[in-house]
Amino acid sequence: MVINMVKILVGVKYSLQVENLSIDPKNRSILLDETPKKMGDMDKRALEEAIRIKEKHGGEVVVLCVGPKEANKILLEAYAMGADEAYLVPFEGFYDTSFIANVFSKFYETKGPFDLIILGGASTDSFSGTLGARIAGLLNIPVVPFVSKLDLENGAIIGESALDDGKYKYKCNTPAVVTVTLEINEPRIPKLKDILRAKRKKINEISVSDLGLGEISNLVITRDVKAYEEKRKQIILDASEPSKLDEVIDKLVNYLKEEGVL
Amino acid sequence: MSVLIYSDKLDLYKELISSGELIKEQYGGDIIGIVIGADNAGEVDKIKNLGLSKIIVYNLPELNNYNPMTYLRAIQEAINEFKARYVLMNANYKNKILGGLVASKINAGLVVDISKLTIEDGKIVAEKPVYSGKALAKEEISGDKAVLLIKPGIFKPKEEGSQSEVIEKTIDLSGLNLELTEFIPKSVEEGIKLDEADVVIGGGRGIRQKEDLELLKELANILGGAWGVTRPLAADYGWASEWIGISGVSIRPKLYIAAGVSGQPQHTSGIRESKIIVAINKDSEAPIFKFADYGVIGDLYQVLPKLIEKLKKS
């Protein structure tokens with residue numbers, strides 16, 4: 001059987017730009033509103049991979065985001081890259097991964113079924129890397145995790161997973177969840193005409209209650225998040241003048257001996 | 001009620017048992033060890049005298065290498081049989097997936113990458129790094145079930161205890177739609193693993209060509225440590241099979257020397273647990289200096305040979 005017309009669901013997160021994290025100097029809490037956000041790095045690769053599959057095999061790419069209204073921004077970006085349909089589940093406030101997994105599995109049942117769910121291996125901000133597994137568990141379908149190379153062959157999904165102790169090659173039939181790493185592809189940069197065209201596309205909204213999810217209590221509650229204080233000594237030795245090099249190396253070696261690490 | 005403990009590395013059971021005892025102190029129950037696959041089953045004696053109430057061994061050919069769906073079956077089977085409410089595992093990528101599957105099957109709260117675990121007001125509270133290692137989140141388990149993935153080195157290993165009963169079990173693995181077709185184990189060039197090394201020498205984009213990695217290797221050799229690179233050198237240039245950083249290998253040596261590393265959050269979050277960090281960079285503005293105990297402003301091509309020469313003499 002040759003797969004054609006693959007229907008793919010892609011999850012994208014409106015993630016904090018961790019390199020521009022805004023921190024309250026008084027209590028080291030994170031100023032979420034003031035921190036710029038973007039589509040997660042791995043999520044973008046998930047979307048790129050889905051679009052490439054569509055381009056090769058035909059089909060449809062549906063993008064889903066759970067987040068605040070401003071997350072529309074990354075859904076427009078998804079349209080510009082080549083997504084067919086984009087959905088926002090408007091939600092503010094705290095939620096845990098099990099809640100998001102429930103949203104995805106209900107969406108799958110409502111708007112699906114899909115042949116593939118492709119997600120980033122981990123979000124750019126919280127970096128837990130567990131959402132794909134939770135969704136697969138709820139839907140009773142396999143998960144091919146942290147994939148750096150994905151192929152569809154004769155109706156089967158073949159994914160290469162780079163895990164802790166080596167490279168694993170997995171094979172399964174659709175439907176399945178695939179989570180991808182940064183190494184899988186280099187996402188396209190949309191052309192201006194695609195960006196302009198995307199602006200005319202409609203972002204569908206679907207609420208948590210539309211999905212048949214009532215009150216879901218979080219299984220994990222975040223009590224607080226505090227920026228680390230960098231407590232390193234930051235003793236700087238300047239060897240930019242080559243004449244200082246011998247002296248600097250002597251000093252460094254002495255410091256390291258005093259620390260007991262040499 | 002019971003607390004299940006699972007690790008892919010037998011050496012880590014000692015630490016996980018200590019974490020299990022914390023949970024047991026609060027909620028009662030038995031601590032049961034789960035061992036999966038032939039390699040670990042063959043060495044199960046290593047963990048037989050640590051006070052586990054039982055050790056359940058799943059040793060089937062399909063379980064010899066990691067497959068999240070077959071491993072899920074094994075853990076689920078044990079959860080059902082022993083009415084487990086808590087599952088504790090070592091934190092790594094494989095267990096993130098296995099833990100996610102298990103948690104969704106039993107509707108449990110899940111926290112990964114735990115760097116501190118305590119009980120506060122009768123609740124399990126876990127700390128984990130977030131935002132690319134720039135911040136620490138305190139998470140509370142609100143329900144009565146949890147899957148907790150704990151980083152190595154957090155709990156003191158339990159060194160002795162009563163003898164455990166070892167029970168071999170077989171499970172039905174039919175009807176699983178995920179096949180492992182190939183496994184290529186990571187090759188360790190110098191024999192010392194990055195995540196276990198006492199000294200790590202890391203190289204970043206300041207290294208101009210692959211051949212120059214010899215500088216890192218030579219220094220690592222002298223200090224009896226491991227060498228590694230940042231993500232671009234491995235993932236983009238293909239100079240190494242793995243990299244140091246949150247999306248690669250997290251290290252916790254006594255001494256980390258970063259040469260020509262700029263200090264992207266992706267990298268610095270994977271070196272946070274190093275005792276002493278030395279940064280060598282010719283750009284005095286490089287962010288890595290904020291993460292360093294000792295910073296050397298200078299060209300790594302001058303600094304490293306000089307350091308090697310000095311250490312060889314002493």
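**Figure 1. Helices α3(B) and α4(B) are oblique to each other in this predicted model.** The angle between α3 (residues 68-82) and α4 (residues 93-106) of chain B is about 45°, and their axes lie 9 Å apart. Angles of 65 to 115 degrees count as roughly perpendicular and those under 35 degrees as roughly parallel, so the pair falls into the oblique class. The crossing of α3(B) and α4(B) is right-handed. From α3(B), the residues in the contact are B:P68, B:Y71, B:L72, B:I75, B:Q76 and B:I79. They meet B:I97, B:L98, B:L101, B:V102, B:K105 and B:I106 of α4(B). By class, this contact has 10 nonpolar residues, one polar and one charged.

**Figure 2. An open sheet of seven strands in chain B has parallel pairing.** The strand order is β5-β9-β4-β1-β2-β3-β10. At the edges stand β5 (109-114) and β10 (165-169), each with a single partner strand, so one side of each has no neighbour in the sheet. On average, neighbouring strands are turned by 20° against each other, direction ignored. Within the sheet, β1 (residues 2-6) and β2 (residues 30-36) of chain B run parallel and are joined by five bridges. B:V3 has B:I31 in β2(B) as its bridge partner. Helix α4(B) packs on the sheet, where it touches β4 (84-90), β5 and β9 (146-150) of chain B. The direction of α4(B) makes about 170° with that of β9(B).

**Figure 3. Chain B is divided into two domains, 2-169 and 194-313.** Taken over C-alpha atoms, the centres of domain 1 and domain 2 of chain B are separated by 33 Å. Five residues of domain 1 and seven residues of domain 2 take part in the contact between them. On the side of domain 1 that touches domain 2, one residue is nonpolar, three are polar and one is charged.

Figure 4. Six bridges connect β7(A) with β8 (residues 156-163) of chain A in the antiparallel sense. In this pair, A:E153 has A:A156 of β8(A) as its bridge partner.

Figure 5. Strand β13(A) pairs in the parallel sense with β16 (residues 294-297) of chain B over four bridges. A:L237 stands opposite B:V296 in β16(B).

**Figure 6. The domain assignment of chain A gives domain 1 (6-205) and domain 2 (232-262).** The centres of these two domains of chain A, taken over C-alpha atoms, are separated by 46 Å.

Note on methods: Residues numbered from 1 in each chain as written. Chains lettered and ligands numbered in written order. Predicted model: local features only at pLDDT ≥ 70, side-chain atom pairs only at ≥ 80, totals over all residues. Domains from an automatic or database assignment. Pairing = 2+ DSSP bridges. Helix = DSSP H or I, 4+ residues; strand = E, 2+ residues; numbered from the N terminus. Axes fitted to C-alpha atoms, helices over the stretch in contact; angles between N-to-C directions. Parallel < 35°, antiparallel > 145°, perpendicular 65-115°, else oblique. Left-handed = near helix turned anticlockwise from the far one by under 90°. Contact = placed C-beta atoms within 7 Å. Nonpolar A, V, L, I, M, F, W, Y, C, P; charged D, E, K, R; others polar.
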